[in-house]
Amino acid sequence: MKERIVSGMRPTGKLHFGHYLGVIQNWEELQHKYDSYFFVADWHALTTKYDKTETLKEDVIDVVIDWLSCGIDPEVSTIYVQSLVPEIAELNVYLSMITPQNWVERDPCLKDMAKIIRSKDGAGAQINYGLMGYPVLMSADIMMFNSNFVPVGSDQVAHIEITRDIARRFNNLYKTDFFNEPKPLLNHCALICGLDGNKMGKSFHNDIKISDTEEITTKKIMTAITDRSRMRKDDPGHPDDCEVAFKYWQIFGSEQDIQTVRCECEKGLRGCADCKRQLAKVINARFAPIREKRKYYEEHPEIVEKIIREGSEKARTEAKKVLQNVRNIIGMY
Ligand code: TRP
Ligand code: SF4
């Protein structure tokens with residue numbers, strides 16, 4: 001029997017290259033090795049965006065379309081929407097009962113989120129009860145399928161630590177070994193910076209989306225920061241000081257491309273504009289098949305809907321089994 005992984009993403013709408021390189025590519029590989037559960041964390045979205053739900057449905061669909069286009073295969077993995085598996089909410093209740101308040105209060109990820117809310121809304125900003133429950137709900141996501149591993153970025157490891165603590169506490173309290181203590185499975189992939197050299201993010205307007213057209217991608221790449229000390233195109237350049245464009249070459253170019261770019265740049269044989277135009281071509285070629293698939297799913301929303309419904313039903317079937325066990329172990333009616 002394959003070991004199991006569970007991972008989720010909040011529905012932030014159309015995904016960017018950072019998501020692709022940092023998360024989805026990793027999932028795509030892992031799905032062949034593990035029994036994989038991938039879900040859109042729409043309840044987690046509500047912990048902070050409970051007042052901005054106009055685009056929520058659309059955002060969920062966009063995330064799933066991006067996954068499918070990048071090769072997350074519904075025949076191989078279970079793809080679902082968190083809120084379509086209400087068993088998770090019931091497990092969340094049981095886990096809430098046994099989680100000491102100070103465990104959630106000291107969660108560093110949550111402290112960061114609270115800080116952001118206060119900086120936006122002022123010192124008197126509200127931190128809702130649901131947000132405090134973020135790590136417990138996340139534990140319910142993971143324990144719902146009695147997962148062995150959780151593929152995440154390093155920013156999420158503190159949450160998984162709490163999950164391990166909760167699983168252990170459950171086992172101790174109810175004298176069982178039912179729950180695994182899930183371990184984080186850290187992504188080791190290229191971190192891609194935004195076009196301006198800062199962290200890539202939707203709200204920073206420095207991202208390239210998987211769904212961007214070739215034209216938009218090229219336009220965006222042309223704005224990427226290069227070697228700032230370079231004045232004319234025949235000045236010798238410094239690829240290692242080329243803050244964004246050369247980094248992208250290192251991620252998307254072949255060994256041969258990277259060598260050629262370095263060599264021509266250092267000799268002053270390559271202008272930055274030409275260099276970036278060529279880079280855009282390489283990137284567009286890489287994303288062409290993904291974007292073609294994306295177009296197909298956009299034109300067939302009924303197929304996406306079916307995948308979401310069927311995946312969520314499949315997840316529910318498994319979740320119900322786990323929940324029945326949990327109810328029995330606790331001693332519920
Ligand atoms: N907190 C995660 C994030 O912001 C999303 C998430 C919710 C998640 N539940 C999860 C990730 C369970 C892994 C497992 O990215
Ligand atoms: Fe960067 Fe290319 Fe310009 Fe060299 S030529 S500085 S690698 S963009």
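Helix 3 (residues 56–69) packs with helix 14 (residues 301–330) at an angle of about 95 degrees, and their axes are 11 Å apart. This is a predicted model, in which local features need pLDDT of at least 70 and side-chain atom pairs count only at pLDDT 80 or more, while totals for chains, interfaces and linings use all residues. Residues are numbered from 1 along each chain as its sequence is written, chains are lettered from A and ligands numbered from 1 in the order in which they are written, and side-chain values use heavy atoms, with hydrogens and water left out.

Helices (H or I, at least four residues) are DSSP runs numbered from the N terminus. An axis is a line fitted to C-alpha atoms, for helices over the stretch in contact, and angles run from 0 to 180 degrees between N-to-C directions. Angles under 35 degrees count as roughly parallel, over 145 as roughly antiparallel, 65 to 115 as roughly perpendicular and the rest as oblique. Helix 3 and helix 14 are therefore roughly perpendicular to each other. Their contact (heavy atoms within 4.5 Å) is made by I61, V64, I65 and L68 of helix 3 with V304, I307 and I308 of helix 14. By class, this contact of helix 3 with helix 14 has seven nonpolar, no polar and no charged residues; Ala, Val, Leu, Ile, Met, Phe, Trp, Tyr, Cys and Pro count as nonpolar, Asp, Glu, Lys and Arg as charged, and the others, Gly among them, as polar.

A second pair is formed by helix 11 (residues 245–252) and helix 12 (residues 255–266), whose axes come within 8 Å and cross at roughly 155 degrees. Helix 11 and helix 12 are therefore roughly antiparallel to each other. F246, W249 and Q250 of helix 11 meet D257, I258, V261 and R262 of helix 12 in the contact, and these residues divide into four nonpolar, one polar and two charged.

The axes of helix 4 (residues 87–98) and helix 8 (residues 134–143) also come within 8 Å, crossing at roughly 120 degrees. Helix 4 and helix 8 are therefore oblique to each other. Residues in their contact include L91 and L95 of helix 4 and L137 and D141 of helix 8.

D141 leads on to the ligand. Of the 13 residues around ligand 1 (a heavy atom within 4 Å), R10, H44, Y134, D141 and Q156 come nearest. An N or O atom in the side chain of R10 is 3.0 Å from an oxygen atom of ligand 1. For Y134, a side-chain N or O atom is 2.7 Å from a nitrogen atom of the ligand.

Conventions
Helix = DSSP H or I, 4+ residues; strand = E, 2+ residues; numbered from the N terminus. Polar contact = N/O pair within 3.5 Å; in protein donor to acceptor, adjacent residues only side chain to side chain.
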